[in-house]
Amino acid sequence: MLTLLIIGLVLAAVVAGLGTALSVQRRAQALDELATSSGPLSAAAQQIYRSLSSADATATSAFLSGGREPSELRESYLTDIAAAQSALAVAVAAREPADVTAPDSPLATLSGQISVYTGLVDTARAVNQQGLPLGAAYQREASYLMRSQLLPAAEALYRAETGNVGAGQDRASGFPFLELAFGVLALAALVAAQLYLRRRTRRVFNLGLLAATLAALVSLVWVLVASTAASADVGRSRDNGSTQSDVLARARIAALTARADETLTLVARGSGDDFEKHYQDTSGHLGGAEGGLLAEARALATTSEVREHVDEAIAQRRNWSAAHEDIRQADSGGDYRAAVDITIGSGEAATSFAAVDSALAAAIDNTTASFDDEIGQARNALTGAVAAVVVLAVIMAASAVLGLWQRLKEYR
Amino acid sequence: MRTLFGKAGVAALGLVVTLLAAGCGADDTAVPPARPAAAALPQPEGAGVVTEVPEADSQPDCGDPTASLRPRRGVPSPGRFASGSTMARIVADGKLIVGVDQNTYRFGFRDPLTGDIEGFDIDMARAIAEALFGDRDRVQLKVLTSEQRIPALRDGDVDIVIRTMTINCERLADVDFSTVYYQAGQRVLVKSNSGYTGMDSLGGKKVCATEGSTSLRNIAESPAGPVPVQVADWTDCLVMLQQNQVEAISTDDTILAGLTAQDPFTTVVGEPLHAEPYGIAFPKGHEDFVRFVNGVLDRMRSDGTWKALYDKWVAALLGPAPQPPSARYRD
């Protein structure tokens, strides 16, 4: 009978230790992925989406400047394209090759069409510099390619990668039910064994089994404390990090899209009503103090730095809207040149848009840092937990065997 | 399984886990053979083959639409107009407000280098300002799209419209026209080395025009049977021609002239398919001003000003100046 008890207890210890270690390991794995894979990939996807939106807005502004194109605009356009391409290389490298070659997949569209887009922009630029209206048609075609294919693909990729981050956070932040169950199982087995021994031998304590119980208890408490702390960190990585980053990134992209609409309306010269309509839609989506993405970001902000950046973006957004009204008034009043002057260079629309963009960029830097920080803390909390659980399980099994072995010898 | 058994777990749990993990083979990341990706062919927004062109609205019959009001004998000197006349009112306002185009190269277009609107139509406006004020710069140009022309005249936003506007009976119900100041015709623009000689040689080939234009309808109705392709803007047609997505563009030779000026490897070919007489448009009820402008046009035809404008803007593209379009009157 005692032999059976020994075998049963060793099995319980092994099962409980193995199960607990695996559960903790699973959580640690999810955290590793957040820190080293899905987190960086979602940042890369965001960079592709943002850089392409920015390239579109910058290219149309540069086009409007025509022969007077400032060198900063050209540089900033080339930087956007380079940033999009290097982030795309990161995204491609992380995927299976089949994902990249599948026709119509976001990565296939992005890797196939960015060079077509830049070709059209450069044709538009060259033709425009000869003073030919044809340049505007190429610029519109380039923007159409960007808006009908590249940006939707970038958005799909971004959604997929942020979805992975959310799923990873879910995996890393659940309550440790399994760990609790395994720990309780081990404790119950040990307590039951001790009660049984007490009835059979009239000895109150068995040192080996006591040590095993202590090991099981320490293991359970360790795992519960570490997992709960990690869960809380992951929750904060969501509230202080990824949720805000997502809203801020979407606000930034909406601002860039509205900016491209604003300039395209002037590029289209008199037939830009559709672009102006799209500006109004995007602009409403971006919103301000009362509603839209900016207000949402303001409500979600958890630190004073982020709140200040968002407030700055909202204030500059108001200036930009006013400048946009001036542009429309000048353009529909026939004063095209005044409209262009407000729109580009040191014009009010150009400077206040740039201020909105950089305020949102600063806020995103902030929330991204919070995300990395919280995930790092969660990983620290779990450090050593797996090893500890295994060692404690071994101690538990060994002391139980030793304790019972002694009893067995006495009775022989 | 592999995600469950990470490297730390394998090391720590020893034999049991090693055995379990051994069951899961190394995952297979063989690189599939690269397939050739389809070449990307970007198109202008809204470009497409037209399958059905709406029927032309039946034109009301108004006799000869190009017959305009006969000028009084002798054009009055600048600034000396009978009080109460439209001319006196405009002179009192200090400027002539003219609705123009900014997208038709050589007729009304914005020079990207200077930002100014220039062209044949713009110089016509300046000639009228010269006759009104003795100063060709007293013009305020107001950019209009095709659809905005008649409403702008009706609402009094502009005094006149000079914007490649074809005279027809339908429009005469809403506005008045001067005599014909330019006789345009629908022709065909092709690549110089293409061998096409006109619409007749374009059967089954794609031919481009803007959405809703009479040119598009004329392409669709051509007996040669070309395939009409529509776009939003005339320059979009040239983009498609340069990208080898259409074989030809067909519309008024004035617009084609502007396109060929932007691509020296294209030529205008064939006989005019359709006549498009351009006139200056006025709001209804300004008959004195119509007669005055017709007088100015008469003078421009006879004193060589018209030919000088043609030579300046159009001759290099469409060949030497023809006779100025002759004026027809209905008193």
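Two strands count as paired when DSSP finds at least two bridges between them. With that in mind, I turn to chain B of this predicted model.

Strand E10 of chain B, residues 206-210, meets that criterion with E12(B): the two run parallel and share two bridges. Within E12(B), the residue opposite B:Val207 is B:Ala248.

Strand E9 of chain B, residues 182-191, is joined to E12(B) by five bridges, and here the direction is antiparallel. In this pairing B:Ser250 of E12(B) lies opposite B:Val188. How many of the five residues of E12(B) are buried? Five of the five are, and the strand is accordingly described as mostly covered.

Let me move to another part of chain B. Strands E3, E4 and E5 form an open sheet, in that order, with antiparallel pairing. Strand E3 (103-104) and strand E5 (117-118) of chain B are at the edges, and each has a single partner strand, so one side of each is left without a neighbour in the sheet. Between E3(B) and strand E4, residues 108-110 of chain B, there are two bridges in the antiparallel sense. B:Thr104 has B:Gly108 in E4(B) as its bridge partner.

Finally, the chain as a whole. Chain B contains eleven helices and 14 strands. Of its 331 residues, 42% are buried. Among contacts in chain B with a separation of 6 or more, 71% are between residues 24 or more positions apart.

Key: Residues are numbered from 1 along each chain as its sequence is written. Chains are lettered from A and ligands numbered from 1 in the order in which they are written. This is a predicted model: local features need pLDDT of at least 70, side-chain atom pairs count only at pLDDT 80 or more; totals for chains, interfaces and linings use all residues. A residue is buried if 20 or more other C-beta atoms lie within 10 Å of its own, exposed if 12 or fewer, and partly exposed in between; C-beta atoms are placed from the backbone. Helices (H or I, at least four residues) and strands (E, at least two) are DSSP runs, numbered from the N terminus. Two residues are in contact if their C-beta atoms, placed from the backbone, lie within 7 Å.
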